[in-house]
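This briefing sets out selected features of one protein chain.

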Amino acid sequence: MNHSAPADSESVGGPAALSARVAAVSALSDPARRTLFDLVSRSAESITRDAAAEATGLSRSTTAFHLDRLAELGLVEVEYKRLSGRSGPGAGRPAKLYRRAATELTVSVPERHYDLVGDVLASAIELSGSSGQPVHDALRSVAQAKGSQAGREATSLPEALEQNGFEPCADGDDLIFGNCPFHRLAQDHTDIVCALNFEFVTGLAAGAGDDAHTVLSDPGAGRCCVRISPRTAGA
């Protein structure tokens, strides 16, 4: 299920917490709120409260309440404009207008990040085309770079894994994953996606500054193909 939301609501691995994204989508279960969201989304221009109330038959106060709630949740954006076209003293207060937010908000249970896979694959194809590097090598390079970028946004490797939907859990001294964020693609394109996944997690560890663990490829580990083990002395 996809709905518009602000750009920072879902970065790679960023859950603008999953609970916040669920709350935003759940808000659309209210019929009046969904009607207003659809109206704003389909409008070619930003729309005022008065115009929205007239179009939907809702009272102005109800319309204002629901539109402001949609804005708080990041499902629509707000701008202020003087509709008379005049400025200066006597021009009146700017009107509050609503428009569709520019970016997407996605909620999936279990958490998936197919947008990340698409970004990595497209970036790898571009790198391969511009550099002549074999596409599989470019894929590994890009996946690790994206992982490193995401890892720098976390305070630890477990937090980075959690933020990116891996659901890390203990297996003795190791960490394995309770979820594969790329599950459906991994079923059909196992070798490619598992290679991408391994490099992404390796990048997460580097970006999070974790040098106490080793990222290992392990197809039998949990619900993913990666195991993270404590680094042995001298390794």
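Among contacts in the chain between residues at least 6 apart in sequence, those that join residues at least 24 apart make up 58%. The model is predicted. Its secondary structure comes to nine helices and nine strands. Of the 235 residues, 41% count as buried. The chain exposes about 12,200 Å², of which carbon and sulfur atoms supply 52%.

**Aromatic pairs**

- Aromatic rings count as a pair if their centres lie within 6.5 Å. By this rule there are three aromatic pairs.
- The ring centres of Phe166 and Phe177 are 4.9 Å apart and the planes stand at 45 degrees, so this pair is tilted.
- Phe166 belongs to the loop between helix H7 (157-163) and strand S6 (168-171), whereas Phe177 belongs to strand S7 (residues 174-177); the pair therefore ties together parts that are eleven residues apart in sequence.
- Both Phe166 and Phe177 are buried.
- For Phe166 and Phe182, the ring centres are 6.3 Å apart and the planes are at 85 degrees; planes over 60 degrees apart count as edge-to-face, so this pair is edge-to-face.
- Phe182 lies in the loop between S7 and helix H8 (183-188), while Phe166 lies in the loop between H7 and S6, so their pairing ties together parts that are 16 residues apart in sequence.
- Phe166 has a relative accessible area of 0% and is buried. Phe182 is likewise buried, with a relative accessible area of 0%.
- Phe166, Phe177, Phe182 and Phe200 are linked into a cluster by ring pairs.

**A charge over a ring**

- The face of Tyr114 has Arg184 lying over it, at 4.5 Å from the ring centre.

**Helix H4**

- Helix H4 (residues 60-72) has 13 residues and should span 18 Å at 1.5 Å a residue; its end C-alpha atoms are 18 Å apart, which agrees with that expectation.
- Buried residues in H4 are Thr63, Ala64, His66, Leu67 and Leu70.

**Helix H6**

- Helix H6 (residues 135-151) has 17 residues and reaches 24 Å from its first C-alpha to its last, close to the 24 Å expected at 1.5 Å a residue.
- In H6, the buried residues are Ala138, Leu139, Val142, Ala143, Gly147, Ser148, Ala150 and Gly151.
- These buried residues pack against helix H5 (114-131), H7 and helix H9 (190-207).

**A three-stranded sheet**

- Three strands form an open sheet in the order S2-S4-S3, and their pairing is antiparallel.
- Strand S2 (47-48) and S3 are the edge strands, each pairing on one side only.
- S2 and S4 run antiparallel and are joined by two bridges.
- Opposite Ile47 stands Tyr98 in S4.

How values were computed: Residues numbered from 1 in each chain as written. Predicted model: local features only at pLDDT ≥ 70, side-chain atom pairs only at ≥ 80, totals over all residues. Heavy atoms only, no water. Phe/Tyr/Trp six-rings, centres within 6.5 Å; stacked < 30°, edge-to-face > 60°. Helix = DSSP H or I, 4+ residues; strand = E, 2+ residues; numbered from the N terminus. Buried < 20%, exposed > 50% of the residue type's maximum accessible area, 1.4 Å probe, protein only. Lys NZ or Arg CZ within 6 Å of the ring centre and 35° of its normal. Contact = heavy atoms within 4.5 Å. Areas by Shrake-Rupley, 256 points an atom, 1.4 Å probe, with all protein chains shown as cover. Expected span 1.5 Å × (residues − 1). Pairing = 2+ DSSP bridges.
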